[in-house]
Amino acid sequence: MNQELKIAVVGAGAIGGICAAFISRAGYDVKVVTRREEQASAIREKGIRVTGVRGQFHTLMDATHKISDLEPDRNLVLLGIKATALEPVAQELAGVLGKDAVVVSLQNGFCEQALADILGQERVIGCVTGWGATLHSDVNLEMTSTGDFILGSLNGGPDPRLEEIRKVLNHVLETRISDNITGELYSKLIINSCITSVGALCGLYLGQMLARKDVRCLFFVIMSEAMAVASAMGIKVAVYAGKLDYEKFLDAGGWVGGIKRHLFLRILGFKYRRLKSSSLQSLERGQKTEIEFLTGFIIENAKAAGVPVPVNDQVFAMIREIEEGGRKISPANLDEIRLL
């Protein structure tokens, strides 16, 4: 990596497209790789239009629908694809990237180890994407909430490349470096297993979900089960967004503690009321969700550790039914979940 960074953004959905637009506007050499030729053509001809909480702007940039079109001199790859497409995309990247290229996953879930298995651990940087966005069309994207990025090396050690990547991502939102990226990723995984998975079941925005007491209680149980799995795995779960300390949050006892928990989630729901589950967006487009890399990750490791996670099991099974056409997205799905 060097000061004249050449960047590839693979995946021009809500997160990837917005990152590409902000970074390109900052003056970097950015090339976007999309899944479809029609979208790549639209980006080249019309550019990407960003709206939302950081204002609106429009920028043109280069785009292609083939990973094989990437030049081997791309120093930095930001991976904004769905986790479900990770393996084939990583295999293609392995064949075109230079030996010093660095790949940063902007994806939900624990994708870093799967990437490292294909590309090599030294080429993968862990990242937590802590903000929301919505894809309205191929070239019209909305940033629905602010937040931050968190970067870290997979081994937890120092890496001079982190500061260079931080400078790039700072053009999108504030970026910080952590020496506990595994704990940061798991922390985001927990909140995603609440917001993203439950949102896919009911079809509601976050504000609508957290206005309901039954949904807040559901979130509490999902968190508790996930924390039990983290303990069995030896993961030190980080405080989410600098505010949500899961251990203290869940351990607060008595009626006062209960009121505080509900109030915290009500405030969270109000602040991010326009946040729409990425898995819900996938289902609405007729695509598979990333549930395997979110709730599925918790369930897989729970089984390995012998930790029961009955509520996460129910959520996972119901989303699979939606994907297979056997269940509709509806708030009524929430009434079927048994909080054991």
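Which residues of helix 10 are buried? In this predicted model, local features need pLDDT of at least 70 and side-chain atom pairs count only at pLDDT 80 or more, while totals for chains, interfaces and linings use all residues. Residues are numbered from 1 along each chain as its sequence is written, and side-chain values use heavy atoms, with hydrogens and water left out.

Let's start with the helix itself. Helix 10 runs over residues 254-271, 18 residues in total, and covers 26 Å from its first C-alpha to its last, close to the 26 Å expected at 1.5 Å a residue (that is, 1.5 Å times one less than the number of residues). Helices here are DSSP runs of H or I with at least four residues, strands are runs of E with at least two, and both are numbered from the N terminus.

Now for the buried side: Gly-257, Gly-258, Arg-261, His-262, Leu-265, Leu-268 and Gly-269. Buried means under 20% relative accessible area, exposed over 50%, and partly exposed in between (1.4 Å probe, protein chains only). Looking down the axis of helix 10, these buried residues fall within an arc of 130°, so they line one face of the helix; the arc is taken from the directions from the helix axis to the C-beta atoms. They pack against helix 6 (181-202), helix 7 (206-210), helix 8 (213-233) and helix 9 (246-251). On the face turned away sit the exposed residues Trp-255, Lys-260, Ile-267 and Phe-270.

Zooming out, the chain has 13 helices and 10 strands. Of its 340 residues, 56% count as buried. Its C-alpha trace spans about 55 × 40 × 35 Å along the principal axes.

Conventions: Contact = heavy atoms within 4.5 Å.
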